[in-house]
Amino acid sequence: MGVLINEFATGLPHARLRPYVSEYSGYRIVGAEPGLHMGLPSRSLTFIVAFDEPLDVTTAIDGPHRDTYWAMLGGLHDAPAVVRHDGRQHGVQLGVTPRGAAALFGVPAGALASSVVHLDAIVPTFSAELVDRLSEATTWAARWEVLDDVFLRQVCLDTSLPSELEHAWSLIVGSHGLMPVGRLADEVGWSRRHLGQRFTSTFGLTPKVMSRVLRFERAKGLIQAPTRPSLSGVAAACGYADQAHLTREWSAFAGSSPTRWMRDDTLVLLDDSA
């Protein structure tokens with residue numbers, strides 16, 4: 001194996017875009033061990049433009065589905081997407097908020113749930129320009145400028161969610177998934193059933209599943225931190241009953257236990273943005 005190249009960069013979107021995109025990130029990995037990388041559930045929809053070679057992604061929606069993508073948008077999901085790689089990965093990735101799905105791509109977040117779509121299938125008017133300009137840019141800063149320029153021209157600022165759903169999303173995210181669904185419904189002023197129906201149709205996951213995803217997301221951050229606590233400490237901090245409960249949730253969302261995930265996913269220690 002040759003010299004390992006492990007390059008990451010981040011940037012903030014233009015202020016007008018921040019309700020719709022949390023962060024720009026770029027990555028270039030060469031010389032890693034070939035294998036499988038798990039795209040894990042989180043609070044964000046995932047937008048990726050790949051350079052050099054397309055992404056090889058398998059999702060399990062009504063049975064495994066494998067495809068390659070130069071540019072893709074993935075919805076909120078509750079199971080891992082499998083990325084096959086030969087030790088090389090190069091591209092840009094954005095964390096898109098549920099509001100951003102509609103404002104930037106004209107598609108409700110709920111319609112994208114548990115799926116991955118080719119960018120040109122949903123935004124043919126600007127996908128080619130965006131991919132070409134990102135590929136031609138020679139620095140990460142130049143790529144952030146391209147993203148700002150294209151998205152500022154395309155964003156629909158009038159796109160919004162009902163205030164009750166904005167409030168529910170803010171509460172569930174702000175509590176890292178620890179707020180009980182019954183209390184969430186009370187805070188919003190809806191019945192639990194009505195909240196569940198509206199939340200699921202809007203975001204694509206039920207409030208209960210989204211809460212589990214947020215607890216998992218927080219646990220992932222703690223496990224990947226340089227000074228990570230013990231797994232029992234992570235379980236306690238994230239609202240799991242015990243370490244066994246944490247492990248069961250990891251098996252559901254990552255396809256393996258935390259220790260096996262860290263061992264087998266060859267890009268885990270290189271990339272903490274999945």
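**Helices, aromatic pairs and salt bridges in a predicted model**

Helix α1, which spans residues 98-105, has six of its eight residues buried, so the rest of the structure largely encloses this helix. The structure described here is a predicted model. The buried positions of α1 are Pro98, Gly100, Ala101, Ala103, Leu104 and Phe105. After α1 comes Gly106, which has a positive phi near 70 degrees.

Phe105 also belongs to an aromatic cluster, which it forms with Phe47, Phe126 and Phe151. A pair of aromatic rings is described by the distance of the centres and the angle of the planes. With ring centres required to lie within 6.5 Å, the count comes to 12 aromatic pairs. For Tyr24 and Trp144, the ring centres are 5.7 Å apart and the planes meet at 35 degrees, so this pair is tilted. Tyr24 lies in strand β2 (residues 21-30) and Trp144 in helix α4 (residues 140-154), and their pairing links distant parts of the chain, 120 residues apart. Tyr24 and Trp144 are both buried.

A further tilted pair is made by Phe216 and Phe253, because their planes stand at 45 degrees, with the ring centres 5.2 Å apart. Phe216 is part of helix α8 (residues 207-224) and Phe253 of helix α10 (residues 243-254), so their contact ties together parts that are 37 residues apart in sequence. Because its relative accessible area is 0%, Phe216 is buried; Phe253, at 1%, is buried too. An aromatic ring also meets a charged side chain at Trp140, where Arg143 lies over the ring face at 4.7 Å from the ring centre.

The UniProt entry, which is unreviewed, carries the annotation "domain: HTH araC/xylS-type" for residues 181-264.

Salt bridges can be considered next. The whole structure contains 14 of them. Arg183 and Glu187 form a salt bridge with an N to O distance of 3.8 Å. These residues are four places apart in helix α6 (residues 181-188), so about one helical turn separates Arg183 from Glu187. An α-helix has 3.6 residues a turn, so residues three or four places apart point the same way. Both partners fall between the 20% and 50% limits: Arg183 is partly exposed at 47% relative accessible area, and Glu187 is partly exposed at 39%.

A salt bridge also joins Asp264 and Arg263, at 2.8 Å from N to O. Here Asp264 is partly exposed, with a relative accessible area of 35%, whereas Arg263, at 60%, counts as exposed. In the salt bridge between Arg88 and Asp86, the closest N and O atoms are 2.8 Å apart. Arg88 is partly exposed at 41% relative accessibility, and Asp86 is partly exposed at 38%.

The cysteines complete the account. A disulfide is a covalent bond between the sulfur atoms of two cysteines. The structure holds zero disulfides. Cys156 counts as partly exposed, with a relative accessibility of 34%, while Cys238 counts as buried, at 1%.

Note on methods:
Residues are numbered from 1 along each chain as its sequence is written. This is a predicted model: local features need pLDDT of at least 70, side-chain atom pairs count only at pLDDT 80 or more; totals for chains, interfaces and linings use all residues. Side-chain values use heavy atoms; hydrogens and water are left out. Rings of Phe, Tyr and Trp (its six-membered ring) pair if their centres lie within 6.5 Å; planes under 30 degrees apart count as stacked, over 60 as edge-to-face and the rest as tilted. Helices (H or I, at least four residues) and strands (E, at least two) are DSSP runs, numbered from the N terminus. Buried means under 20% relative accessible area, exposed over 50%, partly exposed in between (1.4 Å probe, protein chains only). A charge sits over a ring if NZ of Lys or CZ of Arg is within 6 Å of the ring centre and within 35 degrees of the ring normal. UniProt positions are given in the numbering used here, feature names are shortened, and annotations may be inferred rather than shown by experiment. A disulfide is a pair of cysteine sulfur atoms within 2.5 Å. A salt bridge is a side-chain nitrogen of Lys or Arg within 4 Å of a carboxyl oxygen of Asp or Glu.
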